[in-house]
Amino acid sequence: MHTILILGGGKSAIFLIDFLAKSCQSKDRRLILADIDLDSATKKLNNQPNTQARQLDIEDAKSRQSLIRESDVVISMLPAFMHPIVAKDCLHFGVHFFSASYESGEMREMKSEIEAKGLLFLNECGLDPGIDHMSAMQIINLAKSKGEEILSFKSYCGGLLAPESEDNPWKYKFTWNPRNVVLAGQGTSRYIENGDLKFVPYHQLFNRLQTIQFPGLGDFDGYPNRDSLGYRRVYGLEKIGTMIRGTLRRSGFCKAWNIFVQLGMCDDSFQMNLPENTTLRQFLNSFLPYDPELSVEEKLGNLIPDFDFPIWEKIQWLGLFGNDLLPHTKGSPASILQAILEKNWKLYPEDKDMIVMQHLFEINGPDGAKEIRSSLVCVGEDSTYTAMAKTVGLPLAIAVDLFLDGKINLTGLHIPVLPEIYIPLLAELENHGIFFREEVRVG
């Protein structure tokens, strides 16, 4: 009997848990879900056969290692910084390791030992990274097999709201880690366009937008991710002239968000200690120039280009001109802003989220030039069974299932860019409603 251990049962794990719990009923397997909240883990397993919930404080090395020792495969749904700790335990006890997170430098240092022990450590097997790799490589490898040259590759992904749940001016609510949303894009973004290397500092990021269109859904803002250049090697496109990977928000979101960036409200590098009775209006004013002759509205208006009303509407809707008290008054500007947004961008039970992903290729080949637009749209069921949880959790669940069935015969440290992984995985994802629509324009 194979034992699968899932570490962490947070919001993104529900489809993963359900899929693997169901597989335990028809296959010789056992599933352990370990989480700091035992009641939550127990509810998620719902007394399904061959499943067991365990309480675990991941910092408790003895308990963590005891659980890993009795497992054949470990799936880490913990915060990314915990993965190397779990991976080292897996390496020590000879246990296979799977995650949806980026392959870290610490993980790469284990590569030779992973290979020597004949283990499979598969990372970046979620949505982004994950489905983006697999779907892109399918197109890239098919083009190469036809003798075609890929001139340009742009890939964008966003976790947003389904149109029927876009009930605020931002057309956005938190469907993922709020902290990651508030800190998104910090650092310098790097990409290449028509052979020119481009470096975009954070204060310019939300000015460098590309409009991305989805049939039937309208326009989205696309802004570049931190590092697109490294993916030239990952995708075998070292000589490509254009490579951009980016994030999607609804059209108009980024212009408004840029106001917070320019004011410094997304800064996480210092701590504020404000009076207990500080209002949202006073918090906003603390980032505006001092001018006793002007109101908060007038000072902010001077910073909004051409007094763009949609930007004004978004900021006003968050209550930042009002006299409600701050949710908390101590912490970095980013953490205080996050607390304000968590109240306003809360996902309600009936809300549905939406994942959108699009690959844009320019290809030249024996039959001439063509452009490919490959688009994924996945809509959630409700605030628990979200599209985010589905597209993050199902690739991992299916990968583990295929591996234990002997349909993925690989060892070593990998991400899902190999045909042995992505061909069966994409086929199974399609059975669960996760698929791309491809449009080709010739000439």
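Reply: A residue is called buried under 20% relative accessible area, exposed over 50%, and partly exposed in between, for a 1.4 Å probe and protein chains only. The model is predicted: local features need pLDDT of at least 70 and side-chain atom pairs pLDDT 80 or more, while totals for chains, interfaces and linings use all residues. Residues are numbered from 1 along each chain as its sequence is written, and side-chain values use heavy atoms, without hydrogens and water.

With a relative accessible area of 4%, Cys378 is therefore buried. Cys266, at 1% relative accessibility, also counts as buried. Zero disulfides (pairs of cysteine sulfur atoms within 2.5 Å) are found in a search of the whole structure. Cys266 is in none, and its nearest cysteine sulfur, that of Cys254, is 12 Å away. Cys378 is likewise in no disulfide; the sulfur of Cys157, the nearest from a cysteine, is 11 Å away.

A nonpolar core is a set of buried Ala, Val, Leu, Ile, Met, Phe, Trp, Tyr and Cys residues joined through side-chain atoms within 4.5 Å. The largest such core has 72 residues, and those touching the most other members are Ile6, Leu20, Ile75, Phe98, Tyr235, Leu425 and Leu429. Helix H16 (residues 387-404) supplies the largest share of this core, 13 residues; helices (H or I, at least four residues) and strands (E, at least two) are DSSP runs numbered from the N terminus. Another core, of 57 residues, lies apart from it and has Leu160, Phe220, Leu274 and Ile315 among its members. Leaving out residues up to four places away in sequence, Ile6 is in contact (heavy atoms within 4.5 Å) with residues including Leu16, Leu20, Leu33, Ile75 and Met77.

A pocket is an open set of points on a 1 Å grid over the protein atoms alone where a 1.4 Å probe fits, with protein on both sides within 12 Å along at least five of seven lines; lining residues have an atom within 4 Å of a point. The second largest pocket holds about 310 Å³ of space, a volume being the space filled by probe spheres set on the points, which are joined across faces, edges and corners. Of the 19 residues lining the second largest pocket, Ser135, Gln138, Ile139, Ser374 and Glu438 lie nearest its centre. Helix H7 (131-145), strand S16 (368-379), helix H17 (419-431) and strand S18 (436-442) each contribute at least two lining residues, and H7 gives the largest share, five.
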